[in-house]
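I opened my notebook to look up a few things in this structure. Here is what I wrote down, entry by entry.

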Amino acid sequence: MNLHPDRCFSPEPARRGVARTLYAAVKDLPLVCPHGHVDPALFSNPDYRFGSPAELLLIPDHYVFRMLYSQGISLEAQGVPRRDGGPTESDHRKIWQVFCEHFYLFAGTPSGQWLTQELVEVFGLTEKPSPTNAQRLYDSIAARLETPEFRPRALFEQFKIEVLCTTDAASDPLTHHQAIRSSGWSGKILPTFRPDAVVNLDALGWRESITALEQASGVSVTTYAAFLEALRNRRAFFKSLGATATDHAAVTADTTPLSDSEASTLFDRALAGRSEPGDAARFTAHMLYTLAGMSADDGLTMQLHVGSHRNHNKTVFERFGADKGADIPVAGEFTRNLLPLLNAFGTDPRLSLILFTLDETLYSRELAPLAGHYPVLRLGPPWWFFDSRLGMRRFLEGVVETAGVWNLAGFNDDTRAFCSIPARHDVWRRVVADWLAGLVVEHVIDEADAAAMATALCYDLAKTAYRL
């Protein structure tokens with residue numbers, strides 16, 4: 001198992017040569033990680049340990065277990081915890097063995113590329129996982145995880161991460177973030193405000209989340225006005241601990257506002273447990289508009305992730321809960337849906353709105369023209385299913401001609417898998433270098449412009465878009 005130095009580069013000699021030069025200039029830049037889902041608990045305790053190789057690399061990673069599930073290997077056999085506490089495989093060596101026996105499934109996928117680079121560069125492996133070497137590889141990784149060099153804080157510095165932003169519920173007390181700040185450690189870990197659990201009326205456990213919001217904010221959320229007060233309270237608390245952004249997920253980009261009386265009616269019905277069909281969608285749309293106004297007021301960059309049919313597999317959701325690899329892209333629309341928000345805030349210099357979509361057909365048709373016009377808009381990198389070599393290339397080809405590079409938000413790794421972060425950034429940097437090299441050899445841009453664009457895409461734009 002080895003990593004070819006020209007991976008992701010064109011085989012055409014002239015283009016490959018330029019790509020090598022561009023990549024060499026950006027490959028060692030610090031990593032800016034403005035959006036992701038790494039647990040801040042990893043860094044609050046300087047002696048935090050990852051656990052077994054299966055606990056670190058397999059059990060929590062839906063990119064891994066969804067592939068095995070698609071081949072008929074149950075989530076129970078992969079050690080994924082059940083909501084009811086029912087039995088799942090607890091022998092981590094067996095879980096690792098199953099993974100190694102099926103490692104071939106990941107060939108040609110972004111997960112396979114990340115895993116290979118992670119195993120080679122982070123854990124020093126030289127053999128491709130297989131049925132015969134599984135336990136030897138397990139022992140090798142386990143031994144490394146026992147050393148001080150493999151504590152999260154040590155890896156954070158080894159990976160040359162400049163800043164890492166987590167994603168945290170509106171009601172989160174941010175205890176781990178406070179512990180990190182008070183510890184004196186120099187690593188920059190910042191929270192991100194995510195209110196989906198209380199904004200989306202149909203979210204699982206919505207009423208319990210409102211109770212948690214009350215407790216965290218000290219505001220009795222018995223009315224819509226009190227709800228807004230509680231959200232502002234929490235946003236201010238997040239900012240006090242360094243937050244620079246918010247994050248919002250929705251099925252559509254609808255931002256149609258409601259009157260205060262209409263919003264109050266929907267909120268009151270939800271509190272009473274009497275929501276009607278359509279209430280949740282209308283309230284989410286209204287709140288996206290309202291939250292944009294809050295971001296204009298307090299300066300938190302707003303992220304909007306659109307286009308996922310979440311928990312598509314009912315059986316998996318009922319047994320294992322959310323985020324178990326069963327979220328599927330759906331078609332989207334931004335031009336009409338964002339119009340109310342953009343009419344109100346599209347030229348407001350206080351607002352920065354970063355858009356993400358799981359519908360690639362929107363790149364050139366809607367997102368690039370919108371971002372190429374409205375000053376508040378930036379385009380987030382290809383997300384989730386398209387966080388891949390070809391997905392990145394399609395994204396760049398679809399948006400840059402119309403929006404340019406400086407209306408993009410650079411790259412973010414959007415991962416829970418901490419040890420995969422360097423590999424994910426490296427794939428982006430290689431794809432960017434190769435894509436720009438193509439423009440150079442076709443004489444669309446010169447090498448000086450390509451070098452500046454590469455640095456922007458791999459470092460500068462993320463810092464600017466997220467105000468880091």
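Is Asp297 buried or exposed? I looked it up: Asp297 is exposed, because its relative accessible area is 60%. My terms are buried for under 20% relative accessible area, exposed for over 50%, and partly exposed in between (1.4 Å probe, protein chains only).

**How I read the model.** This is a predicted model, so I took local features only at pLDDT of at least 70 and side-chain atom pairs only at pLDDT 80 or more, while totals for chains, interfaces and linings use all residues. Residues are numbered from 1 along each chain as its sequence is written, and side-chain values use heavy atoms, with hydrogens and water left out.

**Salt bridges.** I found 32 salt bridges in the structure, each a side-chain nitrogen of Lys or Arg within 4 Å of a carboxyl oxygen of Asp or Glu. In one of them, Asp297 meets Arg350 at 3.3 Å, N to O. This pair links distant parts of the chain, 53 residues apart: Asp297 is in helix 14 and Arg350 in the loop between helix 16 and strand 10. Helices (H or I, at least four residues) and strands (E, at least two) are DSSP runs, numbered from the N terminus. Arg350 counts as partly exposed because its relative accessibility is 41%.

I also looked up Glu121 and Arg7, whose side chains meet at 4.0 Å, N to O. Glu121 sits in helix 6 and Arg7 in the segment before helix 1, 114 residues apart. Arg7 is buried at 15% relative accessibility, whereas Glu121 is partly exposed at 47%.

**Helix 11.** Which residues of helix 11 are buried? I noted Trp206, Ser209, Ile210, Leu213 and Ser217. They lie on the same side of helix 11 because they cover an arc of only 105° around the axis, taken from the directions from the helix axis to the C-beta atoms. On the other side, Glu208 and Gln215 are exposed. After helix 11 comes Gly218, with a positive phi near 75°.

**Core.** I looked up the largest nonpolar core, which has 104 residues. Such a core is a set of buried Ala, Val, Leu, Ile, Met, Phe, Trp, Tyr and Cys residues joined through side-chain atoms within 4.5 Å. Phe227 and Leu436 have the most contacts inside this core, and helix 19 gives the most to it, with 11 residues.
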